[in-house]
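Thanks for sending this one over. Here are my notes, in numbered points, to read alongside the sequence and the model.

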Amino acid sequence: MTEPESLPEGVERREIDGQQRLATRGEPVYGEPTEGEWRAWDPTRSKLGAMLELGMDTALEGGDTVCYLGAASGTTVSHVADFAGPTYAVEFAPRPARDLLSVADSRPRLFPLLADARKPETYAHVVEADVDALVQDVATRGQARVALENRQFLADDGRLLLAVKARSEDVTRDPNEVFADVRETLEEGYEVLESRRLDDYHADHLGIVARPRR
């Protein structure tokens with residue numbers, strides 16, 4: 001295990017269930033182990049958790065305004081909402097979006113949005129401008145294009161925290177070739193600051209930290 005360079009305020013490494021784990025304070029969501037008010041953040045179930053576990057510099061500080069694309073039933077975004085400020089959670093599938101509503105019951109800063117991340121114009125009237133972080137975990141073709149389309153929400157000094165799933169782009173190609181193509185497209189609008197494969201926790205995924213290109 002690699003020690004993280006830094007963690008946002010509100011995220012700590014705590015001993016839970018006999019192990020040192022990343023943890024946030026909040027109501028449990030997915031059966032994760034807890035210790036008092038702290039709940040373990042499982043990096044095998046969260047790409048952002050894996051990025052933090054691997055020591056990637058996300059620039060998250062705690063209290064950040066976040067737009068999260070691909071929130072699903074709320075596994076990762078629940079942890080984000082535990083330490084961040086206003087957190088807009090975009091999910092297009094109705095079933096997990098209903099679960100997301102339950103997650104938001106105890107998190108007043110979490111705002112679930114039933115919308116398609118490929119169509120930011122459908123939620124642009126809700127998400128505030130200049131968010132500090134755009135977190136993306138969508139299993140679809142054109143993941144770089146989704147990040148480019150949603151760049152409009154990100155502050156000039158904000159960060160894109162992107163988890164790229166190679167198999168969603170092309171199940172037949174070498175993941176490294178897929179990642180190279182995604183990076184090339186992404187660089188139309190972003191400067192990639194760091195990238196790292198997440199295979200220790202998620203096979204054929206790449207974690208990317210980037211900022212808007214000026």
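**Notes on contacts and strands**

1. I would start with R39 and E32, whose side chains meet in a salt bridge at 2.6 Å, N to O. The term stands for a side-chain nitrogen of Lys or Arg within 4 Å of a carboxyl oxygen of Asp or Glu. R39 counts as buried because its relative accessibility is 0%, and E32 is buried too, at 7%. For these labels, buried means under 20% relative accessible area, exposed means over 50%, and partly exposed is in between, with a 1.4 Å probe and protein chains only.

2. A word on the ground rules: this is a predicted model, local features need pLDDT of at least 70, side-chain atom pairs count only at pLDDT 80 or more, and totals for chains, interfaces and linings use all residues. Residues are numbered from 1 along each chain as its sequence is written, and side-chain values use heavy atoms, with hydrogens and water left out.

3. How many salt bridges does a search of the whole structure find? The search gives 18. One of them joins the side chains of D99 and R95 at 2.7 Å, N to O. D99 and R95 both belong to helix α3 (residues 94-104) and sit 4 residues apart, about one turn of the helix. Helices here are DSSP runs (H or I, at least four residues), as are strands (E, at least two), numbered from the N terminus. D99 is partly exposed, since its relative accessible area is 30%; R95, at 48%, is partly exposed as well.

4. R197 and D204 supply another salt bridge between side chains, at 3.4 Å, N to O. Returning to the opening pair, E32 and R39 belong with D82 and R107 to one network, joined by salt bridges that share partners.

5. On to the rings, where the whole-structure search finds 3 aromatic pairs. Rings of Phe, Tyr and Trp (its six-membered ring) pair if their centres lie within 6.5 Å; planes under 30 degrees apart count as stacked, over 60 as edge-to-face and the rest as tilted. W41 and F83 make a tilted pair, with 6.2 Å centre to centre and 35 degrees between the planes. This pair links distant parts of the chain, 42 residues apart: W41 is in the loop between β4 (38-40) and α1 (47-53), and F83 is in helix α2 (residues 75-83). W41 is buried, with a relative accessible area of 1%, and F83 is buried at 6%.

6. Please also look at Y123 and F153, a stacked pair with 5.6 Å centre to centre and 25 degrees between the planes. Y123 lies in the loop between β7 (110-114) and β8 (131-136) and F153 in the loop between α4 (143-149) and β9 (154-165), so the pair ties together parts that are 30 residues apart in sequence. Both Y123 and F153 are buried.

7. Last, the strands. An open sheet of 4 strands runs in the order β1-β2-β4-β3, with antiparallel pairing. β1 (12-16) and β3 (34-35) are the edge strands, each pairing on one side only. Strands pair if DSSP finds at least two bridges between them. Strand β2 (residues 19-25) and β4 pair in the antiparallel sense over 3 bridges, and R25 stands opposite W38 in β4.
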